[in-house]
Amino acid sequence: MSRFLSKDFLAGVMFIAFGLGALYLGRHLAPGTSVRMGPGWVPHALSYIMLVLGGIVSVIALFTGGEQVEAPKWKPITMVTIGIVAFALLLESTGMFPALVALVLIASLGGDEFKLWEVVANIVVLTILCILVFKVGLSMNIAVLNGVW
Amino acid sequence: MDLFHNLILGMSVALSLQNLLYALVGCMVGTLIGVLPGIGPVATIAMLLPITFHLPPTASLIMLAGIYYGAQYGGSTTSILVNLPGEASSVVTCIDGYQMARQGRAGAALTISALGSFFAGTVGTIVIVLFAEPLTRMAQKFGPADYCSLMALGLVAAVVLANGSVLKAIAMVFLGLLFGLVGTDVNTGAQRFTFDIPELSDGIDFAPIAMGLFGIAEIVVNLERKMSRSGAIKVTSLWPTREEARRAWPAVIRGTLLGGILGVLPGGGPTLGAFSAYTLEKKISRTPERFGKGAVEGVAAPEAANNAAAQTSFIPMLTLGIPSNAVMALMVGAMIIQGIQPGPEVMTKKPDLFWGLIASMWIGNLMLVVINLPMIGMWIKLLTVPYRFLSPAILLFCAIGAYSLQNSTFHVLQVAGFGVLGYIFVRLGCEGAPFLLGLVLGPQMEEYFRRAMLLSRGNPGVFIERPISLGLLITTAILLVLMALPNIKRAREQAFQEEET
């Protein structure tokens, strides 16, 4: 079983998945002829190349074993991703400040040391910095707090 | 005296108050991120790409270039003082630099590395000036088939020098090319892989992709492992002894030459230059046993090499429009954002930008010596800022930067998505740099390929009938065959193993 968990085998599987995905999503694109190539010629060619390369990488990995993939730690990647998504959702509806607070708070929860006063201090500093750089410096059109400023 | 005339034009552009200011900002930011471990020039430039949209083209390129070579200076400071390489390119500097610092020679090591870097930067700039025009003139003779082959060569060469498995790196290039297809097909207007999302119809924006792949993934990987820091060493006298200077000079010159040559190669750049220079010094030294115990040459040569390489890696990007590493790919992106198509036309159509950027590199190098030597104490203080303060700040700048591209939260979500993808890449041992190169070159390569095929009436023979294209393809093939030879394969693996430890 462990040889299916090597970095190379999984990488090969990922390449195959991208190849198949691109073939499926690009199925309606007309390939055209080699003189007058349609929009689908290059995408199809690249998809097949991905399938072949992915196949070679994973087959070689099955025979040679290779380095095992490390067990991922879920907390940092999940928290960071949730933080950015929360920022995206809050930014236009409520403004920059609430989005900033959400991002910094959630992302800080992803680290292994969490002290509330530090996070609050960080939020204060970053808020001032962002207002100075983006609002004053670059005069970007972002509301700090929707409807207020 | 065309060259002279061009240099004067360049200097007059670079010395304008605004451009001087942006060069300074770039150098400061570059030094800062060079000093701070956990964030490199690729992530920083990706983060700042959206901001450059608000600046004039010349100023924005000057600033981004400053970040790139500033990072080389900053990285060496932390290597010497705390045995912690701020950048990949200064990993070797740690070996002898930190030993020198422990023997009380920290100041001398810093001075030698800064002056060596300055010398290398100056030579690198002169090399760019000398080679820019002939290369550009050559590139203007290229037809679509030649361009397509040139890009193939650039991509393959980048793969050869990438870390890790060649096969996986090639697959990553193709994956990048595939992502580059997203958007409206130039020839027919058909929508490809756009999912009816309006933001995607102009093509996938690669600033958010670069932020996700390099910024977010890097942060996550850093959060996973605890960062430990050793105490900084006090700097006393900055002056090297006469003996140290005597040993350092020749090493600086050798490092500059080697770095300058390796920087031009696609996929080369500062890291490769620094490693090769260190190996060379150790090999030709009459007393190789001193290396690893504080040999001056072990600091001087790699530091000169990484800076020379950082300069000369601009050559293929500026003259041919072909980026040789991830940072140059982002520079190409910055030009495209400004509406400039990188390639041989830049020099003839935008001489002020072209020569201004080159002249500013030399000025920037001069600034860096000043920023680095007297202000060393300030940079060291920054090292004491814990990473848990830094990571949310970097995330925040990525998020706001992505939003400001087109005032659209779609790009912020794109950063999150590519962050996850970048994390998967890291876990599976796939390099992000070949992917980025493929992504940047993809759209152009497809256009040239289709145009070449149309001109030849569908005969793929055009790629081997034109002498320039044939020569480039043969070089590409030779590179690929060389990689498969067992001897070279082993040497390459060894080189990268040294890099990882």
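Reply: Let's begin at B:F449, which is buried because it has 23 C-beta neighbours inside 10 Å. Here, buried means that 20 or more other C-beta atoms lie within 10 Å of a residue's own, exposed means 12 or fewer, and partly exposed is anything in between, with C-beta atoms placed from the backbone. This is a predicted model, so local features need pLDDT of at least 70 and side-chain atom pairs count only at pLDDT 80 or more, while totals for chains, interfaces and linings use all residues. Residues are numbered from 1 along each chain as its sequence is written, and chains are lettered from A and ligands numbered from 1 in the order in which they are written.

B:F449 belongs to helix α20 of chain B, which covers residues 432-455. Helices (H or I, at least four residues) and strands (E, at least two) are DSSP runs, numbered from the N terminus. In sequence B:F449 is 305 residues away from B:P144, yet 6.8 Å separate their C-alpha atoms.

α20(B) has 24 residues and spans 34 Å from its first C-alpha to its last, close to the 34 Å expected at 1.5 Å a residue (the expected span is 1.5 Å times one less than the number of residues). Along the way there is a kink of about 45° at B:G442, shortly before the proline B:P443; the bend at a residue is the angle between axes fitted to the seven residues ending there and the seven starting there. Because 18 of its 24 residues are buried, α20(B) is largely enclosed by the rest of the structure. Just after the helix, B:R457 has a positive phi of about 55°.

One partner of this region is α19(B), whose buried residues pack against α20, α9 and α18 (387-406) of chain B, and also against α3 of chain A. Helix α19 runs over residues 409-427 of chain B, with 19 residues and a reach of 28 Å, close to the expected 27 Å. Its buried residues include B:T409, B:H411, B:Q414, B:F418, B:L421, B:Y423 and B:F425. Here too a positive phi follows the helix, about 70° at B:G429.

A:I84 sits in α3 of chain A and is buried, with 31 other C-beta atoms within 10 Å. Leaving aside neighbours within four places in sequence, A:I84 is in contact with A:L103 and, in chain B, with B:L395, B:A399, B:V412, B:V415, B:A416 and B:G419. Contact means that the C-beta atoms of two residues, placed from the backbone, lie within 7 Å. By contrast, the C-alpha atoms of A:I84 and A:L10, 74 residues apart along the chain, are 27 Å apart.

Now for the interface as a whole: 59 residues of chain A are in contact with 53 residues of chain B. On the chain A side, two or more residues each come from α1 (7-25), α2 (41-64), α3 (74-94), α4 (96-109) and α5 (116-137). The most come from α3(A), with 11 residues. By class, this side has 38 nonpolar, 12 polar and 9 charged residues, where Ala, Val, Leu, Ile, Met, Phe, Trp, Tyr, Cys and Pro count as nonpolar, Asp, Glu, Lys and Arg as charged, and the others, Gly among them, as polar.

B:E199 lies in the loop between β2 (191-192) and α9 (206-224) and counts as partly exposed, with 18 other C-beta atoms within 10 Å. Not counting residues up to four places away in sequence, B:E199 touches B:Q406, B:S408, B:F410 and B:H411. In the case of B:F410, 211 residues away along the chain, the C-alpha atoms are separated by 7.5 Å.
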